[in-house]
Structures are given as C-alpha cells and as structure tokens.
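Open the structure in your viewer and keep the selection tool at hand. The stops below say what to select next and what is there.

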Amino acid sequence: MSLNKTFGSMLIIAGTTIGAGMLALPLASAGLGFTTATIIMIGIWALMTYTALLMLEVHQHADPSATLNTLAHQLLGRKGQTIATLAMFFLFYALCAAYIAGGGSQLSEKISSWTGTSIAPQVGAVIFTIAIASVVSIGTHSVDMVNRILFTAKVIALAIMLGLLLPHVQGQHLVEMPIEKGLILSALPVIFTSFGFHGSIPSIVRYIGIDIKALKKIMILGSALPLMVYILWQLASQGIMGQPQLMANSTLGAFIGSLSQLLHNPMVGQSVSIFADLALATSFLGVSLGLFDFLADTLNRGNHLAGRGQTALITFLPPLAFAVFYPQGFIMALGYAAISLVILAIFLPVAMVSAQRKAQQANNHPSGYVVKGGSLSLVIVTIIGIIIITAQLLQMIGIIPAVG
C-alpha cells in the first residue's frame, strides 16, 4: 500500500474531524476544568476509534466500493438500510448546509474587504459550494491533494495561535475541578460530535482498498491527531482563563475577543479566524465526499462523467438551497447532530458487527479481522451511545443546560 495514500487518508480523517466546532470546546467544557475535560476527550476518542475499527471488520467482507447503504442492507435488511440512509441524509445535509452558510458568509466578507465592494453572503455561498463541489466531483484523489494543502495551512495557523497562547498559561487554572457534576452530561454531545469522522470511512476504504493493516493505522492515527490538537487547544484556552471568565463568555466571538483583550494582541483573533476558515473548508471536503459516495451508491449513479455530475447536483444543490433561502432550518437541525451521529457511529457499527459475527458462527466461516473486546465491549459502547442521546434530549427540553 502506498505510504502516500495512507498519509493522505489520515489527513482526510483528521481534516474532517478538526472542524470549526473545535473552537467551541472550551465553552462546552468551561465548567469541567482541564483535567476532567481531557479525560472525557480521551474516552470519546477511544470510543470513536473502536467503532471505526468495527466498521473495518464489516468492510473486510464486502466490496471495497460498498457504502453504509450497501452494508446496512446486506447485514440488517431493509429496515436497517432505511435507518442508516435517513440518519446519513439528515446529519450530512445538515452539516453541509451549515458549512455552506458559514463558509459563504466568511468568503463574502473576505472578498468585500479585498475588493472594497459589497458581496452578498448568498454569492459567497454559491462560489464556496462550486469550489468544493468541483474538487469532490473529480474524486477522492483530488480531495486528498487539496486537503493536504489546506491541512498544512491549518496546522500553520494553529501553531501560530497556540504559540501566542501557550506562554500565558497559568498552572492554577489547569487544576480546577468541575463546578457541577451535571455539566459533564451537558458537555458530552458537543465533545462527542467533535470526534465524528465515520461518514468518510467508506470513501477511505474505496480509496485504499481492503488493506486492514493500513486502514487500522489510518483510523487510529488519523483520529489521534485531532485528540492531540484538542488537548493543546484546551490547555491554551483553559490555562489562560479561569472557569468564571470562561463561563462568562456565552458566544465564540466573545470568547475570542476576551482572549485578544486579555493578551493585548489582535493577532490572536486573526489567527483564530484563519484557522476557523480552513477548518470549515477541510471539514466540508471530508463530509461532502462521504455524502457524494453514499449518494452515488444509494442511487446507482455510474462513475462516468454524467453519473458523477448527477451525483454532484444531488449532493450540493439541496444544502446550498437551504443555506441560501432557509439557513435557520438546518442550523436548528444541527441541534440533533449528536443523535444522528450516535446512530451512524455507534448503533449501526455495533448492530452490523453483531449480525456479521452471528452469521459467520452459524455458517462456520473464517472470521478474518475481529476487533478485540467481544460482546461485552459492544454492550458498553451501546450504553454510552444511549447516555449521549439522553444528554442531547435533556438539553433540548431544558432539563440540563445546553453548552457550546
């Protein structure tokens, strides 16, 4: 297996994961303290990496081009396929619409400041969508190449941002304990969605082929990179501000403004802004690639020019239309993102692996690669998924505070 492809695939996983939502993590975990927040992040990373490996266990017995739609139908029947399709559509169209709305707004502001002319956010949204759609429509290889450039620029922006912040970290802020135990439940959905990359797994498998050793490396290292970045970002943000200061900032803009003001350095805000733009672009690339391949498989569109063109229209036109004409609808839908992601990244992998293992035992088929942990691990992972969904629902009805 080409090291070049393996490295590029790791960056696609990391690029999809490290989105602009990362910037909300300090707000989501403000009342937890650095140590508690870090322990939860490591636990969620282990959970998501485990279920990604479950997906590889399922993929090894299918065609390399199989998407979640095909796998769910083969192992769970029509009902399982319907649940997978609805969860995938809901989550990915909502994410794409949010990325288009956010990216379009940021792009129109940049063009307006560069040219001195007023550009409507809707025009920025169309330009941004066409640029990303062009890359995704060509194929995973083009996404890989463009993602490497954007990811490199994102790492540079992140290094500058952390370089400005880390020297000002104060040790006493890092040992603060959770203000309330209930805040752990409030923070879970935000932290969980910050580690979501499972929609991109079928595209990576198609790109790499059924090479379990390479794919395991991609899943583990590709998801470990965001974990390290998140911990450094938490170290910087929570180490500079105490819990009362962090909790006083109800919005991301206010938080970034407070950081800049506290350090008397406008470069902090500028580096965060550049990082957010690049994070949004790389996340949109990864998510829309997963949606593109899923739709091509679901609708049986061919891999020729006409087929890919039709898939591109179905992938990008609906979220573009909602982002331009009714952005509030999909922004509201993002409130349910954790529920859809639990279905896609926890419940479906567990159900498909369970069905596959039972079928192999019944038919005495060789099992090949099997993720360690047995049935007990599958039960534990399912319980955690139920807890995350419960936390999201409790936030929606106002029983526990919504954060981030």
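For helices, an axis is a line fitted to C-alpha atoms over the stretch in contact, and angles between N-to-C directions run from 0 to 180 degrees. Helices (H or I, at least four residues) are DSSP runs, numbered from the N terminus. This is a predicted model, in which local features need pLDDT of at least 70 and side-chain atom pairs count only at pLDDT 80 or more, while totals for chains, interfaces and linings use all residues. Residues are numbered from 1 along each chain as its sequence is written, and side-chain values use heavy atoms, with hydrogens and water left out.

**Stop 1: H6 and H10**

Select helix H6 (residues 140-165) and helix H10 (residues 212-240), whose axes lie 10 Å apart at an angle of about 25°. H6 is therefore roughly parallel to H10, a word used for angles under 35 degrees. Their crossing is left-handed, meaning that the near helix is turned anticlockwise from the far one by less than a right angle.

Now show the side chains in contact (heavy atoms within 4.5 Å). On the H6 side these include Phe151, Leu158 and Met161, and on the H10 side Leu225, Val229 and Trp233 are among them. The residues of this contact are eleven nonpolar, no polar and no charged. In this count Ala, Val, Leu, Ile, Met, Phe, Trp, Tyr, Cys and Pro are nonpolar, Asp, Glu, Lys and Arg are charged, and the others, Gly among them, are polar.

**Stop 2: Aspartate 144**

Stay in helix H6 and pick aspartate 144. Is aspartate 144 buried or exposed? Aspartate 144 is buried, with a relative accessible area of 0%; buried means under 20%, exposed over 50% and partly exposed in between, with a 1.4 Å probe and protein chains only. Leaving aside neighbours within four places in sequence, aspartate 144 is in contact with Asn4, Gly8, Ile12 and Tyr207. Asparagine 4 is 140 residues away along the chain, yet the two C-alpha atoms are separated by 10.0 Å.

**Stop 3: Serine 200**

Go to the loop between helix H8 (182-193) and helix H9 (201-208), where serine 200 is found. Serine 200 counts as buried, at 1% relative accessibility. Apart from residues up to four places away in sequence, serine 200 touches Thr16 and Gly286.

**Stop 4: H3 and H8**

Select helix H3 (residues 34-59) together with H8: the axes come within 10 Å and cross at roughly 45°. The crossing of H3 and H8 is right-handed, that is, clockwise. Among the residues in this contact are Ile40 and Ile44 of H3 and Leu188 and Phe192 of H8.

Centre on isoleucine 44. Not counting residues up to four places away in sequence, isoleucine 44 touches Leu188, Ile191, Phe192, Phe195 and Ile388.

**Stop 5: The core**

Ile44 also belongs to the largest nonpolar core, which has 126 residues; Met22, Ile44 and Met219 have the most contacts inside it. Helix H13 (residues 266-298) gives this core its largest share, 16 residues. A nonpolar core is a set of buried Ala, Val, Leu, Ile, Met, Phe, Trp, Tyr and Cys residues joined through side-chain atoms within 4.5 Å.

**Stop 6: H16 and H17**

Finish with helix H16 (residues 337-363) and helix H17 (residues 374-396), which cross at roughly 160° with axes within 10 Å. H16 and H17 are therefore roughly antiparallel. Their contact divides into 14 nonpolar, five polar and one charged residue.

Definitions and conventions: Helices (H or I, at least four residues) and strands (E, at least two) are DSSP runs, numbered from the N terminus. Angles under 35 degrees count as roughly parallel, over 145 as roughly antiparallel, 65 to 115 as roughly perpendicular and the rest as oblique.
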